[in-house]
Every structure is written in structure tokens, then in C-alpha cells.
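Colleague: Could you walk me through a few features of this model? I would like to learn how to read them.

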Amino acid sequence: MLTNTTWTATAYVGGALTLDFLNTAGGKTKSRVPERLVDLQALVSWSLTGQLITEVEAQTLQTLAFQEPVNGAQAVAHLTRLREATHDFLNAVIAAESPRDIPQDIGDWIHQAYAAAELKLRPGQPMDWNIQLEKTGLATIGLRLALSLSDFLRSPELQMTKVCKACSWMFVDSSRSRRRQWCSMATCGNRAKAHRHYHG
């Protein structure tokens, strides 16, 4: 079983897989600490809970990580660097409220994902890009995240994305008023209310 890191519903409040991934760092302040993707097992556990991979794929990745510990650690380090680059990029997009050129490292990441992906036929559904673990190994999670990021950057949700007023997490504001301020009322929203009440 995957027991290294427990991921609850509070880790998936972004409203989009890309944002949930960016929200695997930080959480209580504008600082990007703590780091939750501390190793490959934490990444696998997050991906399994977020339904990016299956239980069978999770076990396969666990085995690969045991067999190739150095490659596993390098894969996580590379992915967290891309996560922070993407977080910085989306912060700039949100602040300027206008399109920005995609940084080369993020563009390369997305290109690599499409180069490794295959179009998959699904009965009664549109064709979609698929990354097969059997072919991409330890890179599978990162490549699937890159495809998700590509979809997100071309979706209406990008224009609805905000940064939490209290922490560094991002979320899609799908509220009717578009006035949501917190990544989650259960966490940052309640802390802000308690702070206002205390300082009354």
C-alpha cells in the first residue's frame, strides 16, 4: 500500500488537475513551502488519489522506483522544477490579465508529452491523447500532467483562474459573482475569518 503521504480532499480544491498539481507546494502563506512532493512515492500517491493513474500503474511505478531510485528522485526533482516554473508563468498571466509567451522549458515539456502520446479510440467518445506507462516508465506522470496543462492553457478555465488571497494556491473561480477569494473556505477562508474576529 502507498502510505508515505496521505492526500485528502483539501489537496484537490483547484478545480482543474493542473492547478491541483501546482498546489502540491505551499498552503498556509504566500510562501511555496512546505513541499509535499518529497519523493516519488508522494508523487505516485498524489496521482493515484487524483485519478491520474490507476492502482495497477501505481504499483508498477513503485516497483520501478525501487529498481531505479536515482532515476526516480531525478524525475521528481525535474517535475517540481517544472511545477514552479508553471506556477510563476500562470501568476504572470493572472496578474497581467493578458496572454504571455510560454517559457521554453514549459513548451518543451508539452512537446515531449505529445511526442510520447498516442491517440486512443474510445467507443462512443472523442479520440484523446494517451500516455502508456509501459512505454514511458517513470516519466509517465509528468507527461500526463503536461498534456493536462496543454488542455488547461487552451480552456476557458484559464481566464477564471485566481490566486488565493491568503496562500499561493490557485483555483478556478466558477462562482456566479466571480468574487471568490479563497482556495477553500474550509482552510484559508476560515483562517481569514478567525483572524478578522480576533483582531476585531
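Predicted model: local features only at pLDDT ≥ 70, side-chain atom pairs only at ≥ 80, totals over all residues.

Colleague: How many aromatic pairs does the structure hold?

Modeller: There are 3 aromatic pairs. One of them is formed by Phe21 and Trp46, and that pair is tilted, with 5.9 Å centre to centre and 50 degrees between the planes. Phe21 sits in helix H1 and Trp46 in helix H2, so the pair ties together parts 25 residues apart in sequence.

Colleague: Are Phe21 and Trp46 buried or exposed?

Modeller: Phe21 counts as buried at 3% relative accessibility, and Trp46 counts as buried at 0%. Ring pairs also link Tyr12, Phe21 and Trp46 into a cluster.

Colleague: Let's turn to helix packing. What describes two packed helices?

Modeller: The angle between their axes and the distance between the axes. Take H5 (residues 104-116) and H7: their axes come within 8 Å and cross at roughly 110 degrees. That makes H5 roughly perpendicular to H7, and H5 passes H7 in a left-handed crossing.

Colleague: Which residues of H5 and H7 meet there?

Modeller: From H5 the contact includes Trp109, Ile110 and Tyr114, and from H7 it includes Leu145, Ala146 and Leu149. The residues of this contact divide into 12 nonpolar, 3 polar and 1 charged.

Colleague: How do H4 and H7 cross?

Modeller: The axes of H4 (residues 69-96) and H7 (residues 140-153) come within 11 Å and cross at roughly 10 degrees. That makes H4 roughly parallel to H7. Leu79, Thr86, Phe89 and Leu90 of H4 meet residues of H7, among them Ile141, Leu145 and Phe152. By class, the contact has 8 nonpolar, 2 polar and no charged residues.

Colleague: And the backbone? What should I expect of phi and of peptide bonds in general?

Modeller: Most residues other than glycine have a negative phi, and most peptide bonds are trans. Here a cis peptide bond joins Val33 and Pro34, with omega about 10 degrees. Pro34 is found in the loop between helix H1 (17-22) and helix H2 (40-49).

Colleague: Where are Gln51 and Arg178 found?

Modeller: Gln51 is in the loop between H2 and helix H3 (55-67). Its phi is near 65 degrees, a positive value in a residue other than glycine. Gln51 is exposed, with a relative accessible area of 72%. Arg178 is in the loop between strand E4 (170-172) and helix H8 (185-199), and the phi of Arg178 is near 60 degrees, again positive in a residue other than glycine. Arg178 is partly exposed, at a relative accessible area of 41%.

How values were computed:
Residues numbered from 1 in each chain as written. Heavy atoms only, no water. Axes fitted to C-alpha atoms, helices over the stretch in contact; angles between N-to-C directions. Helix = DSSP H or I, 4+ residues; strand = E, 2+ residues; numbered from the N terminus. Parallel < 35°, antiparallel > 145°, perpendicular 65-115°, else oblique. Contact = heavy atoms within 4.5 Å. Nonpolar A, V, L, I, M, F, W, Y, C, P; charged D, E, K, R; others polar. Buried < 20%, exposed > 50% of the residue type's maximum accessible area, 1.4 Å probe, protein only. Left-handed = near helix turned anticlockwise from the far one by under 90°. Phe/Tyr/Trp six-rings, centres within 6.5 Å; stacked < 30°, edge-to-face > 60°.
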